[in-house]
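Me: I would like to learn how to read a sheet and the helices packed around it, one feature at a time. Could we work through a model together?

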Amino acid sequence: MTDGPVPVLLRGVDRAAFAAGLTRQLRDRGVAVDLSAAGTFVRALAAHPPGTRTELYWTARIALVRRHSDLAAFDALFASLFADAGLGADPHARRRPLPSSDPFAAVPAPTAQAQDGGGLPWATLPAVVGGADRAPADGPAVPHRLPTAAAGLGDVPFEALDERQLALLDAWLGAQLRALPTRRTRRRAVGRRGSRAALRETMARSRRTGWEPIELVRTRPVRRPRRLVLLCDVSRSMQAEATAYLALGRAFVRAADAEVFAFATGLTRLTPVLRRRSAVTAMAQATDAVGDRFGGTRIATNLRALLASRHADLVRGAIVLIGSDGWDSCPATELAAELARVRRRAHRILWINPRAGVPGFQPRVASMAAALPYCDRLLPGATLTALRGVIDAVAECDRPAPGPTRGTARSTPRGRSAPMTSASSSPRPVRTRG
């Protein structure tokens, strides 16, 4: 315990202005710093004001630097701003990176400064704490645990990603699809926890016991993966998110019984194209297949075209995901009428809006407000973390949803999420015949 107060390095300094100036100079040196990282840095300065330059160094480095290749530029800028930056805490392992062929190679033993907590190495687990009688001083050190390429892109908006980072979406989204929703079929199979007794199988097994039915065979319903239908808006207002949503649709197509449609002024089915093994080829062919990409938006017209086409039965009993910001040139009453028809056929309707993740979001657009009563959930979809939430919401569709009986028009949505609290003031949906 110290006798006096802990000295504060930035006493009387505007933290927001300091963070803005530091991030601007980092961007000038080629370091990719987004707004979420700058906000994290300001909150970190407020939660724990740095008392030394070393504390300021590590606070800024953890909050602002997300790529191992940006460390040199960050160190150079910090050294130019602060003469005694305390860079001795930086590990030497960063200057001698591990070979790519052996990711579990040993690193040098931790120094006394690292054992005392003076510095934390980049993306490295803390040193193992133990007595001298349990581990020798010259024993093996803890290996490096470097983050994945997509680990630092969780909160980065899609419009800030480059082509190389967008290429990481395919592998990352495919690894997230583990538990997908299922549906109950009319078929039954033998199971120990079945609710019905199978008379034929029970009599067949009674042959072993002199035709005495000693063992009662039970059957249970067979469950199949539930179909997913993704409608992706590829209009001009969704230009930044269209590629990410199509990558999500490709992951659904390859992992589940999914159908993907792209719409702007017309409707285009992309399921056969997205089944390609190569992600680059699939996305290129999908781009060529959509002729009205980055144009206007007609959500109601495209929903009507889907229900009038030969693919209308794909919606029946399926989980329908609509990825759009809600800007529609069709009247709001038409969108409400078409969503009412989809609601009577689909199992769930999930609307993915990239603007829904903004704090204080209110669905003031007439078409978005008219669509909310027919949606089970309104989900944000502007970052990779938000898409992970979409996958979790799809997996939760197996749970029974509270609310009125299906097939009736609702004035309030089922499974309402936090951004949908303002939907109570929306007009009453129009009932139409399917």
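Me: Which residue in β6 is the bridge partner of F261?

Reply: Keep in mind as we go that this is a predicted model. In β6, the residue that bridges to F261 is R269, and this pair belongs to an antiparallel pairing of β5 with β6 that extends over 3 bridges. The two strands form a hairpin, with 3 residues between them.

Me: Which way do the side chains of β5 point, and are they buried or exposed?

Reply: The general idea is that side chains in a regular strand alternate between the two faces of the sheet. In β5, A258, V260 and A262 point one way, whereas E259, F261 and F263 point the other way, and all of them are buried. Since 6 of the 6 residues of this strand (258–263) are buried, meaning under 20% relative accessible area, β5 is largely enclosed by the rest of the structure.

Me: In which sense does β5 pair with β4, and over how many bridges?

Reply: Those two strands pair in the parallel sense, over 6 bridges, and L228 stands opposite A258 in β5. The chain passes from β4 through α8 to β5, a β-α-β crossover that is right-handed.

Me: How should I read the packing of α8 with α14, and at what angle do they cross?

Reply: Look at the axes before the side chains. Those of α8 (residues 239–255) and α14 (residues 384–395) come within 12 Å and cross at roughly 35 degrees, and the crossing is right-handed. On the α8 side the contact is made by A244, Y245, L248 and F252, and on the α14 side by L387, V390, I391 and V394. By class, this contact has 8 nonpolar residues, with no polar and no charged ones.

Notes:
Residues are numbered from 1 along each chain as its sequence is written. This is a predicted model: local features need pLDDT of at least 70, side-chain atom pairs count only at pLDDT 80 or more; totals for chains, interfaces and linings use all residues. Side-chain values use heavy atoms; hydrogens and water are left out. Axes are lines fitted to C-alpha atoms, for helices over the stretch in contact, and angles run from 0 to 180 degrees between N-to-C directions. Helices (H or I, at least four residues) and strands (E, at least two) are DSSP runs, numbered from the N terminus. A crossing is left-handed if the near helix is turned anticlockwise from the far one by less than a right angle, and right-handed if clockwise. Contact means heavy atoms within 4.5 Å. Ala, Val, Leu, Ile, Met, Phe, Trp, Tyr, Cys and Pro count as nonpolar, Asp, Glu, Lys and Arg as charged, and the others, Gly among them, as polar. Buried means under 20% relative accessible area, exposed over 50%, partly exposed in between (1.4 Å probe, protein chains only). Two strands pair if DSSP finds at least two bridges between them. A crossover is right-handed if, with the strands pointing away from the viewer, the path from the first strand over the helix to the second runs clockwise.
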